[in-house]
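Please examine the sequence and the model shown here.

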Amino acid sequence: MRIYSGNYMVLLLAFFLVRMELPSAADIPTYHVGFLSPSPDSAIPAQLAVEWNSAFLVALEVLNSERNSYQLEAVSLNSACDYQEAALASMKLSKKSGLIGVIGPACSGAAISASNTLLSYGIPIVSFAATASVLSSRSLFGNFFRTVYSDTYQASAVAASVVKLNMTNVTLLYTKDYYSFSLAERIGELCGSAITRSELLEPGVNIPIDIKQLETVLNSIERKEIVLLVVQPAVAEQIWKTATDLNMTGYPWWYFGTDGTTAFEPAVAEGKVAERLVVALQGEIDGDFSDSSACQKFYTHWKEKSYAGLPATDTNKSRSYVPYLIDTVTLFFEIVDALHGAAIEVNASTILAALNGSGPGSPQFKGCTGVVQLDPDSGSRSVSPNQPAVYNLVSLLQDHWELKGRIENGTFTTLLPLTRPGTFSAAEQDLVTSDSILPSRSENRVLIATITILFTSVVLVAAALLYIHKKRRNAAKVYVELVQESH
């Protein structure tokens, strides 16, 4: 029989006491959170889809590592940013045991579909990028919430930009999807006479828009007009390609747009497209506001893990709603923390009650995008003088979107020098290719008409001179004959 020393027995007893106090991974509860992820072949550009999928994984790993009383586990399904696909994916998620809520999708149409599907099961859904105003209806979408602002505020930010930058003769391009149609309508109401024309882009065959119609519209744009894009990222991408083919992405063309256009990823674009768009995209509205210090631990983990799609993290660079996605994941952890602290069961019902304010655990925390708090009357992010709806005004550079101004509750708080193409500095003129400095289409038509008139005039004058010459020859011939007969 082995006899243990006193010190060894004390250590052995301490070890067993620690083991009794710290639960193993098998002992702590695991709750499931759905993620209706974007896909690279959807309305979301491939690079951005990769970025968002990585951001979700990073947030989950970092926040799980900080907790030892429970874990959140992801159940990811592809929504394709599509109405039908989102409905099918949501139906599958509703069958998952232990599902406490769903994150996503990014697109408003897909969010409407997912909310409708999950509502009958009492499952809450929180989006980080679906901004359509209709989703604020509590009677229609009582289980839908979002960490972003409603497009009501984005329309005000666009209108403020139109006034501040003295935009006139604006042609607005939009489509029939939920995001584009309602936002374009509101922008038109706020901007009034500054919008001189609105064009509804029809869908094409297996492509987002009818290219022939788009070419006709772009060909009719005059050099003093501004093209305002209120479209989804995939549509914006198609517009860039078409505009490039038509040689309409350099001086003096100016494209201004809503947050759907800033999903364009300049770093992965073809060199010519990126270079020429740098000149044309002098200002865009971007809903991405970020406090980099609050997000730093996530970006550090992202870099350490070498996950794909690490976004630009400087304070003056856009991140295409990545901070809002991280805050949406954090939102679920904050609610579960509160419910655990109050010894309340964690399930879809208690999460929903916390989100709509009818039960304990209503979230309020400082996240990557400032103070995160939801308005129970709309399900959207709360807005107040102390917590304003923040939008950035950004311009495209060769490899990123650069911050130019900040708009809070529809009013500019900062604005760096920003002018339309053609008034840029000498250093920027190197980006303007010589073949892009062309006369406007109206000037071309006037020039062609002038040349035609001059050519016609020359022909007519020549014909008249020839006629007179022949008449004189004939008269001289008759005179000679008469003279000869008189003799």
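The lining of the largest cavity divides into 11 nonpolar, six polar and two charged residues; here Ala, Val, Leu, Ile, Met, Phe, Trp, Tyr, Cys and Pro count as nonpolar, Asp, Glu, Lys and Arg as charged, and the others, Gly among them, as polar. This is a predicted model, in which local features need pLDDT of at least 70 and side-chain atom pairs count only at pLDDT 80 or more, while totals for chains, interfaces and linings use all residues. Residues are numbered from 1 along each chain as its sequence is written, and side-chain values use heavy atoms, with hydrogens and water left out.

Rolling a probe the size of a water molecule over the atoms shows where empty space is left. On a 1 Å grid over the protein atoms alone, a cavity is a set of points where a 1.4 Å probe fits but cannot get out, whereas a pocket is an open set with protein on both sides within 12 Å along at least five of seven lines; lining residues have an atom within 4 Å of a point. Grid points are joined across faces, edges and corners, and a volume is the space filled by probe spheres set on the points. The whole structure contains one cavity of 30 Å³ or more. The largest cavity has a volume of about 210 Å³, and of its 19 lining residues Trp-52, Ala-129, Pro-233, Gly-260 and Tyr-321 lie nearest the centre.

The second largest pocket has a volume of about 410 Å³. Of its 18 lining residues, Thr-175, Lys-176, Asp-177, Tyr-178 and Gln-232 are the closest to its centre. Helix H4 (108-119) and helix H8 (233-245) each supply at least two residues of this lining; helices (H or I, at least four residues) and strands (E, at least two) are DSSP runs, numbered from the N terminus. By class, the pocket lining has 12 nonpolar, three polar and three charged residues.

Five strands form an open sheet in the order E2-E1-E3-E4-E5, with parallel pairing; two strands pair if DSSP finds at least two bridges between them. Strand E2 (71-78) and strand E5 (144-146) are the edge strands, each pairing on one side only. Strand E1 (residues 30-37) runs parallel to E2 and is joined to E2 by eight bridges, and Phe-35 has Ser-76 in E2 as its bridge partner.

Aromatic rings of Phe, Tyr and Trp (its six-membered ring) pair if their centres lie within 6.5 Å; planes under 30 degrees apart count as stacked, over 60 as edge-to-face and the rest as tilted. The count comes to 11 aromatic pairs. The ring centres of Tyr-83 and Tyr-178 are 6.5 Å apart and their planes lie at 20 degrees, so this pair is stacked. Tyr-83 belongs to helix H3 (residues 83-94) and Tyr-178 to helix H6 (residues 178-191), 95 residues apart, and the pair thus links distant parts of the chain.

Most residues other than glycine have a negative phi, and most peptide bonds are trans. Cys-81, in the loop between E2 and H3, has a positive phi near 55 degrees. Gly-104 and Pro-105 are joined by a cis peptide bond with omega about -10 degrees, and Pro-105 is found in the loop between E3 and H4.
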